[in-house]
Amino acid sequence: MYVLGIETSCDETATAIYHAEKGLISHTLYSQIETHSAYGGVVPELASRDHIRKLVPLIKQTIQDGKLTPHDINGIAYTAGPGLMGALLVGAATARSLAWTWGIPVIGVHHMEGHLLAPMLEDNPPQFPFVALLISGGHSLLIAVTGIGAYQLLGESLDDAAGEAFDKTAKMLGLPYPGGPKLAKLAEQGQERFKFPRPMTDRPGLDFSFSGLKTYTLNTINSTEQTPQDKADVAYAFQKAMAETLTIKCRRALEQTGLNTLVIAGGVSANQEIRRHLLDMAQAQGTRIYFPRPEFCTDNGAMIAYAGCQRLRAGQTQNLEIFARPRWPMAELTVTSH
Ligand code: ATP
Ligand code: MG
Ligand code: FE
C-alpha cells in the first residue's frame, strides 16, 4: 500500500510517499521561512496562500521522485490538526479532492501523532510501550504510549511550549525567526557563566513551565552590556537549563511509569545539547532512547504518511467531509493497535 502524506499545518509545505512494506519511498519539503521572517513570526494568511501555491507541484514531484504514477497511490493521509485553520484547509481540501478523483481512501492525521511516530521511520524503530517527550513549536508533552492511538498524557506545558521558549529567547537575543536553531548555534560560542533556574523540577509532577525562564533570561540580558560574548553566554545558559529540565522530567516519567524506552520527537528534539543530556541520562539508567533523524524532527510529510498508513491499514477512513481541527486534544484519538 502506497500512502501519499501531506503536511500543511503551519509554515512548511511537505509531501511524502510511504509504503507499508517498502518503507519511505520519497519526500519533499518547501519551507516558508523567507515569507514570514520579515514579520518575525508566521502570518497565517500568507501561510495559506503559500501552501496553495506549492502543494500540488510538491505532490507531483514526490510521485515522480518515487518513480510512481498517480495510479500507484492507494491512500492519502493529510494533517487535519492541530494547526492554523486556513493552512490545514489547503491540505484537507487537496487531499479530499485527490482521493475523490483517484477513488482511494483518505485519512486526517493528528500532527502530534505524526511527530510521535517519526522515529518509526528509522532502521531500528522503538517498540511499544514507551514514554514519549514531544517538544515542538506549539507543544511540550510527556506521554505514555502503549500503541498507535493509545496515548496517556503524563505532563504538559502550563504556558510556553519548548520551541516557543527557544524562539522567544532567540528574539530577545536579536536573532531572526525562527530562532531555535540559531540560538543553539550561538550557544556553541558560550561559556558556563550564568546559572538559570530549572523550572518546576523542585516539586513533584511532570508538567512544564517555561515562561519564568524566559523572564529570567530577559533580566539577565538586560543586566549585561549585551556584547556578542554576553549573548552567547546567555544562549548557553538558557539551552543548558532547557536540556536539564527536560531530562529531569523524562527520568521522572520513566520512574513513574516503570517503562524503560524513551522516544523524543518534535522540532526541538533536533537540538544536539538536549539530545546529549537525554542520551547521558538514558545510558546511566539503562533506558533505550530513540530520536528521529534531524530533518524528521521538524515538520515533514514522511511522518504524516507513516501515521496515516498505520490508520488506513487498520481500516480507518474519512468520509466525504473536508475535515480539519485547529484544536484537537490527542486524548480524543482512537486506539488503533496495541
Ligand atoms: P507543533 O508541532 O507543536 O504544531 P511546529 O510544527 O511549529 O509546532 P516543529 O516544526 O515541530 O513545530 O518544530 C519547530 C520548532 O522547533 C521551532 O520552535 C524551532 O525553533 C524549534 N527548533 C528546531 N530546531 C531546533 C534546534 N536545533 N534547537 C532548538 N530548537 C529548535
Ligand atoms: Mg515550522
Ligand atoms: Fe510540528
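The largest nonpolar core of this predicted model has 102 residues, and those that touch the most other members are Ile-76, Ala-77, Ala-132 and Ala-305. Helix 8, which spans residues 228–257, gives the most to this core, with 13 residues. In soluble globular proteins, nonpolar side chains tend to be buried together.

The division of the chain comes from a domain assignment, in which domain 1 covers 2–116 + 296–332 and domain 2 covers 127–291. Taken over C-alpha atoms, the centres of domain 1 and domain 2 are separated by 27 Å. Where they meet, domain 1 puts 13 residues into the contact and domain 2 puts in 17 residues. On the side of domain 1 that touches domain 2, helix 1 (33–37) and helix 4 are the elements that give two or more residues. That side of domain 1 consists, by class, of 6 nonpolar and 7 polar residues, with no charged residues.

Helix 4 (111–117), helix 5 (162–172) and helix 6 (180–187) each supply at least two residues of the shell around ligand 1. In total, 22 residues surround ligand 1, and the closest are Gly-137, Gly-138, Gly-163, Gly-180 and Gly-267. By class, this shell holds 13 polar, 7 nonpolar and 2 charged residues. Both domains take part in the shell around ligand 1, with at least three residues drawn from each of domain 1 and domain 2.

One residue of helix 5 can be followed in more detail: Ala-162 has its place in that helix. Is Ala-162 buried or exposed? A residue is buried if 20 or more other C-beta atoms lie within 10 Å of its own. Ala-162 counts as buried because it has 29 C-beta neighbours inside 10 Å. Leaving aside neighbours within four places in sequence, Ala-162 is in contact with Ile-135, Ser-140, Phe-210, Met-242 and Val-268.

Methods:
Residues are numbered from 1 along each chain as its sequence is written. Chains are lettered from A and ligands numbered from 1 in the order in which they are written. This is a predicted model: local features need pLDDT of at least 70, side-chain atom pairs count only at pLDDT 80 or more; totals for chains, interfaces and linings use all residues. A nonpolar core is a set of buried Ala, Val, Leu, Ile, Met, Phe, Trp, Tyr and Cys residues joined through C-beta atoms within 7 Å. A residue is buried if 20 or more other C-beta atoms lie within 10 Å of its own, exposed if 12 or fewer, and partly exposed in between; C-beta atoms are placed from the backbone. Helices (H or I, at least four residues) and strands (E, at least two) are DSSP runs, numbered from the N terminus. A residue is near a molecule or strand if its C-beta atom, placed from the backbone, lies within 6 Å of it. Ala, Val, Leu, Ile, Met, Phe, Trp, Tyr, Cys and Pro count as nonpolar, Asp, Glu, Lys and Arg as charged, and the others, Gly among them, as polar. Domain bounds come from an automatic or database domain assignment. Two residues are in contact if their C-beta atoms, placed from the backbone, lie within 7 Å.
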